[in-house]
Amino acid sequence: MSDTPDTTQTPVPNARPLSAMPDEHGRFGEFGGVYVPETLVSALRELSEIYAQVQQDRQFWDRLSGLLRSYVGRPTSLFKAEGLTRQARENAPSRERGATIWLKREDLAHTGAHKINNTMGQGLLTRKMGKRRIIAETGAGQHGVASATAAAALGLECDVYMGSEDVRRQHLNVVRMKMLGARVIPVDSGSRTLKDATNEAMRDWMGSVEHTHYILGSVVGPHPFPMIVRDFQSIIGRETKAQCLRLLGALPSAVVACVGGGSNAAGIFSAFVDDEEVKLFGVEAGGRSGKPGDHAAPLTLGAPGVLHGSRSYVLQDDAGQTSPVHSVSAGLDYPGVGPEHAHWKDVHRVTYSSVTDEQALDAFLLCARAEGIIPALETAHALSDGLRIASEMDRDEHLVICLSGRGDKDVEEVDRLIGDKIEPLRARRPRQRTRDKKKKQATGGENGSSPRTDEHHPPSDPGRADQGQSDAQ
Amino acid sequence: MGRIDDIFALARDENRKLLMPFVCAGSPIPGSLGALLGAMERAGAGIVEVGIPFSDPIADGPAIASAMHAALESGCSPAGVFDEVAAARQGLSIGIVAMVSVSIVSAMGGPQAFCQRAHEAGFDGLIIPDCPLEESAALIDAARAHGLSLSLLVSPSTPPERAREIASASTGFVYMLARSGITGERDQAPEIGPRVRELRESTDRPIACGFGIATAEHVRAVVEHADAAIVGSALVRRWRDAHEQGADAVEVGERFVRELASGLHAGAGA
């Protein structure tokens, strides 16, 4: 379904171009597959068949495009982030370094994150299958809210499984789901977080599959979910590509996205995997440290294994028991990752790394203050590493960071963690200093480290806030 | 012919049906597996299914899942289960089949390495509930190479053609799920007659039936059609309750298995 131009003279040592994955067995190289109880096999086959059918179904895609445009608010803009760019240049080792940073604004999509792209698509598939009820798992609550929203919009019944620990931590989203008409079912087993909510949703589905569709929220789980979720999220990448070609006249040099299960990353990367000149970077949650239980970085610190229906990189002990995970971000707090990411890692197409809780919190505040955008804590991981990468790139290069969601849901948690250390911007940038700096600039002095003011942006500057808005996919 | 084949062949010759109780290793008390296996043999079990605890058992309901979590918390590991089975094997004639997640098999060196260890410990067969036919090729080879039976599962949602393929890929016995959904006790005996008859048309593998079988009456209803009845959650719950109440869990379990076994004999019980 990708409208990516076919440029598949791929240098990657694989018979199959990366954009043509998975194979007919749901494999991305050695990863993926269908490791589920027999009871779910026929449901997954039905889903595969329906999905294959709708590939030819013009009406289905027209309906989805219409909803994405008029209900979700797509296309989302590609925004030139001058404050972050300035920061990258300040951090750069030389004046020749420091790429221009662009933000793909998924935070502007309805419900505040990219999750809605998938839930609207799978919601329509649910209708197509003639099922009346959807279930979903959620960690931070973003996928739960997006599922509840799609259910309300499409006239479906919706139950959301959520670890009781996350119900407590993400109260705001629990209330949103209830208001939208969904039932939130707290899960008390295991670690009481996303992994356990996923177990419970799968258990529900095994007994309800005749009338219920399970909307998995990320590119994880058994085939065909990693493919379907990626495809519904690929609109992020297709829009970004078109916007780059329009605004820059070229592809970006690099694309950066955070990776928990990896759906926003798979969505934006999928449009670029066959373009070898575009470097791709996935950023995992490094948590408190690299010790087991202190992070949620299976690609950087885990090993291949099977979890929740597919083979991928996982965090588990040598007896196969799933390890506890930690991240400041509830949406990245998951011991597995999508199998396609595992494949992209092994064929060296995408570079994966991790950033710590502390680095993510710094980037969270920096983005708020440099750009006036409060990002989701998940996204803050991508912002942190994106800044580092941009500072090492050439000054005339362009780097896109997927701003996967907004951070309203996180403000209480961030306040709890570092609220007492947050200084008002005013205190760090007294008017006196601003005037001094202007004086300096007038005399050709170097720009200081303070956040930008409007004077630094001549109105003719290309690619400002409104530029991407009119881009169709 | 492995032990599982022999047990079913003998039962068939003698026109007997089998009871297959399930025990979660490490539950209700760490280190109690040997004693529980002995009790089940005395009470009339033909084969025992030993669940190796897993952190994320998606096919299991609350009784078995919480027993697994408790066992893991008390330090139970696959290596420890192998040791306990190895220690108990000598004195037992029942068949012992491991129920284990594909995640564990994969983490412990893959199918060949795992099957070798299971065989050396004295297991006679494997059930891997989260590994369907499509993903089973390497396991089928490894199980055969190490003399273990490998029972694949057939669900009510499995189409007849596929059920035939599953039966022919299985060794030892075919595991027929009495219902969709997860493990757990139910009030009603399952209706399996038509499904068993249909499957028998294409296979002569023994058919064992489990999921939701909780009473001697259910056992009777099941073995009217199938070759064996598998009872899990109802037993796991009794062990746990007995342990929590300070009773002798091994004895309580033995008594319950004896009661279940009464359902194997036509006309017995209520």
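Visitor: Which residues does B:Phe123 touch, not counting residues up to four places away in sequence?

Guide: You're looking at a predicted model, where local features need pLDDT of at least 70, side-chain atom pairs count only at pLDDT 80 or more, and totals for chains, interfaces and linings use all residues; side-chain values use heavy atoms, with hydrogens and water left out. Residues are numbered from 1 along each chain as its sequence is written, while chains are lettered from A and ligands numbered from 1 in the order in which they are written. Touching here is contact, meaning heavy atoms within 4.5 Å. With residues up to four places away in sequence set aside, B:Phe123 touches B:Val50, B:Val81, B:Phe82, B:Val85, B:Ile96, B:Val97, B:Ala98, B:Ala118 and B:Leu148.

Visitor: Which residues touch the most other members of the largest nonpolar core?

Guide: A nonpolar core is a set of buried Ala, Val, Leu, Ile, Met, Phe, Trp, Tyr and Cys residues joined through side-chain atoms within 4.5 Å. Buried means under 20% relative accessible area, against over 50% for exposed and in between for partly exposed (1.4 Å probe, protein chains only). This core has 78 residues, and the ones touching the most other members are B:Leu37, B:Met40, B:Val50, B:Phe114 and B:Phe123.

Visitor: Which helix gives the most to this core?

Guide: Helices (H or I, at least four residues) and strands (E, at least two) are DSSP runs, numbered from the N terminus. With 6 residues, the one that gives the most to the core is H12(B).

Visitor: How many residues are in the other core that lies apart from it?

Guide: That one includes A:Leu67, A:Val160, A:Val174 and A:Val314. Its count of residues is 63.

Visitor: Back in chain B, which residues of helix H2 are buried?

Guide: H2(B) covers residues 33-43. Among the elements covering its buried residues are strand E1 (18-24), helix H4 (78-89) and helix H12 (249-261) of chain B. The buried residues themselves are B:Leu33, B:Leu36, B:Leu37, B:Gly38, B:Ala39, B:Met40 and B:Ala43.

Visitor: Which residue in E7(B) is the bridge partner of B:Val154?

Guide: Strand E6 (residues 153-154) of chain B runs parallel to E7(B), joined by 2 bridges. The partner of B:Val154 is B:Met176.

Visitor: Now chain A: by how much are neighbouring strands of its open sheet turned against each other on average?

Guide: This sheet has 6 strands in the order E3-E4-E14-E9-E10-E13, with mixed pairing. Axes are lines fitted to C-alpha atoms, for helices over the stretch in contact, with angles from 0 to 180 degrees between N-to-C directions.

Visitor: Which residue in E14(A) stands opposite A:Arg105?

Guide: Strands E4 (residues 100-105) and E14 (residues 398-403) of chain A run parallel, joined by 6 bridges. Opposite A:Arg105 stands A:Leu403.

Visitor: What angle does helix H9 of chain A make with E4(A)?

Guide: H9(A), residues 225-247, packs on the sheet and touches E3, E4 and E14 of chain A. Its direction and that of E4(A) make about 140°.

Visitor: One last stop: is A:Thr149 buried or exposed?

Guide: A:Thr149 lies in helix H5 (residues 142-154) of chain A. Beyond its neighbours within four places in sequence, its contacts are A:Tyr71, A:His110, A:Thr111, A:Ile116 and A:Leu180. Its relative accessibility is 3%, so A:Thr149 counts as buried.

How values were computed
Pairing = 2+ DSSP bridges.
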